[in-house]
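Here are some notes to read beside the model. Each point takes up one place in the fold.

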Amino acid sequence: MDKIRAIHWYFVAVALTASLLSASAAVASPRHVLILHSYHPGYPRTDRVMAGIQEVFSASNQDIRLHVEYLDTKRHPDPEYFSNILDAILHYKLDGRSFDLVLLTHNEALNFALVHRHDLFSGTPLVFGAVNGFDRNTLVLSDWPPLTGVIERPDFEGVMRLALRFDPKLEKIVAIGSSRDTSGRLEHKALQEMARRFEDRVRTVFWNDLSAETLAERLKNLGPRSAVILTGTVFDQSGNPLTPAEACHLVRDNSKVPIYSLWDVYLGEGIVGGRLVD
């Protein structure tokens with residue numbers, strides 16, 4: 001797992017070389033790095049990414065001071081929170097601060113940094129990871145600070161082909177996800193487009209934004225020639241996000257159909273497999 005984390009965040013080392021190592025190695029001045037996580041501490045992918053960042057920086061033999069902010073958009077995906085409450089809090093904490101580097105994980109953190117590239121992060125290198133749906137062609141590069149990162153490309157075609165290979169007589173694929181957050185909306189759109197390419201072989205239905213309680217009832221009625229693809233976050237009736245393990249157990253315990261996913265955090269929790277991003 002340590003190797004996976006280090007590989008996943010290899011770009012941190014690249015950023016260090018480009019930015020933090022620009023001064024002479026003999027100069028021991030501290031470097032200040034801001035880390036903006038889109039989600040909350042305790043969310044498995046966020047914790048693993050954070051562990052990878054710390055692993056790489058701790059091996060750099062430099063005095064690097066980490067400043068970490070969790071945007072908590074998984075539990076608070078509404079636009080009002082992002083544009084007003086979160087904006088005010090981070091402006092209060094970051095306004096006037098200077099950083100050598102800003103690391104951004106997942107889409108919401110990147111979106112926040114790009115919106116505030118002039119007032120909060122002017123001239124500061126931005127490095128992102130675990131971002132999907134990024135289109136560099138929309139950027140006017142002269143208007144941006146130094147920007148680089150790793151784009152996440154889930155293999156939607158691969159997971160559908162895998163399901164059909166395991167069960168050539170498959171009749172229905174149920175995609176369970178959410179449109180409440182940015183990544184969920186992007187994943188839904190990509191899988192919807194891919195489903196059209198397979199509509200002559202299998203019918204795909206989308207169960208987005210259903211509470212865990214409603215899903216449990218629906219899952220019990222799935223026929224034997226069905227399969228589930230877990231794509232996005234599942235919430236309970238109170239609006240609390242289930243962990244990936246809890247979501248997987250929900251499907252496993254209420255149906256007898258194979259479960260696939262696109263993310264490694266579901267591995268070992270009851271999925272058959274999939275083309276997994278780690």
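1. Helix axes are lines fitted to C-alpha atoms over the stretch in contact, and angles between N-to-C directions run from 0 to 180 degrees. Helices (H or I, at least four residues) and strands (E, at least two) are DSSP runs, numbered from the N terminus. The model is predicted: local features need pLDDT of at least 70 and side-chain atom pairs count only at pLDDT 80 or more, while totals for chains, interfaces and linings use all residues. Residues are numbered from 1 along each chain as its sequence is written, and side-chain values use heavy atoms, leaving out hydrogens and water.

2. Helix α6 (residues 156-166) packs on helix α7 (residues 182-197) at an angle of about 50°, and the two axes lie 9 Å apart. On the α6 side, the contact (heavy atoms within 4.5 Å) is made by Phe 156, Glu 157 and Met 160. Residues of α7 in this contact include Leu 191, Met 194 and Arg 197.

3. Which residues of helix α8 (residues 212-219) are buried? They are Ala 212, Leu 215, Ala 216 and Leu 219, where buried means under 20% relative accessible area (1.4 Å probe, protein chains only). Seen down the axis of α8, they fall within an arc of 105°, so they line one face of the helix; the arc is taken from the directions from the helix axis to the C-beta atoms. These buried residues pack against β6 (172-177), β7 (203-208), β8 (226-230) and α9 (244-254).

4. His 40 sits in the loop between β1 (31-37) and α3 (44-58). His 40 counts as buried because its relative accessibility is 8%. Beyond its neighbours within four places in sequence, His 40 is in contact with residues including Tyr 70, Asp 72 and Pro 241.

Notes
Buried < 20%, exposed > 50% of the residue type's maximum accessible area, 1.4 Å probe, protein only.
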